[in-house]
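Open your viewer and get ready to select a few residues by number. We will stop at several places, and at each one you can look around before moving on.

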Amino acid sequence: MAERMGFPAFIERVEGLTPTLRRFVLRKEKQIFPPVSPGSYAALEFGDGEKVYKNAYSIVERSEDGRELTVIVRLAPQSRGGSRFLHEKGRSGLPVWVGSVANLFPIVKTARRHLLLSAGIGITPFLSYLRKLRSIGADYTLHHFCRAEERSAFEALLAEQDQARVSVHTALPSEVGLADWLQDEAIATHVYFCGPEGFMKWVEETTHRCGFAPGKVHSEHFFVPEGGRPFEVILARSGRKIAVKADETLLEALEQADVDAPCMCRGGACGACAVTVLDGQPDHRDHVLTEAERASGNVILTCVSRAKTDTLTLDL
């Protein structure tokens, strides 16, 4: 039997930040967590004995002694599984398996200036960025956007930062003049952004209009997989047929059927769960595949994408 990768841990403490945001401190049972670079996330497994949830969250902080990792979890209206479970049943002592730690959103070390743009829960990767950038004396600015009722909570999260370099806004980016600020940035500035889809699209389009080179624009999508019409997946190597329900992802259906399917971020951002499609038409919902790959219909990211056809045959 293959050795299970990861680290056993448990919830050490929980802190409510707002009605929809909670901070969880995870403590390793033995030894220490591996070093974590700013922008990293952890794939967590937890549950109540009846169901195991697998979610990935940005690591806000690793304690100096390496025994604790901190994540912030948002309860979104469309939260169906893990995040809702943590908000409702995540208590001190709950076992958590830290399956893997990876970084798809690192700081560009050669950048002369860093402009950080976030909205809502998109602040989480930047909390670790801010500590690092300040410690090395880098040139940086953070603009965070949130609802008015959450302003005090985010200001508290940023209270220990250099207040000359962070701003919290309750108006839309277009209303505070962010497009003009982007236009005034030097050509050497790297832009990083993270937040809800509408915010992501606005920043992506605005940086493009302002002439930022693609290599200087970096983003991380927080994507909560949405359901859709049910369909059936056929595993070509065994001939097995697995039903994918309207309220579960293709990856969740595979895991429920004890299929050893590849995965990592579980949010359509890393591409680790890519599987070859042999028949059927995928409904692509990821942020990884190119337009040519989407058009070919030969590959699908199982963690977020679904099927437009009644059946989908995979090379599994």
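Is Val259 buried or exposed? Select Val259: its relative accessibility is 15%, so this residue counts as buried (under 20% relative accessible area is buried, over 50% exposed, and in between partly exposed, with a 1.4 Å probe and protein chains only). This is a predicted model, in which local features need pLDDT of at least 70 and side-chain atom pairs count only at pLDDT 80 or more, while totals for chains, interfaces and linings use all residues. Residues are numbered from 1 along each chain as its sequence is written, and side-chain values use heavy atoms, leaving out hydrogens and water.

Stay with Val259, in the loop between helix H7 (250–256) and strand E15 (274–279). Helices (H or I, at least four residues) and strands (E, at least two) are DSSP runs, numbered from the N terminus. Beyond its neighbours within four places in sequence, Val259 is in contact (heavy atoms within 4.5 Å) with Leu235, Arg240, Ile242 and Leu254.

Next, select helix H1 (residues 82–89), where Gly82, Ser83, Phe85, Leu86 and His87 are buried. Show the strands too: the cover over these buried residues of H1 includes E1 (7–18), E2 (21–28), E3 (40–47), E4 (52–58) and E6 (68–74).

Move on to helix H2 (residues 124–135), whose buried residues include Phe126, Tyr129 and Leu133. Just after H2, click on Gly137, which has a positive phi of about 70 degrees.

Last stop: Glu61, in strand E5 (residues 61–62). Glu61 has a relative accessible area of 37%, so it is partly exposed.
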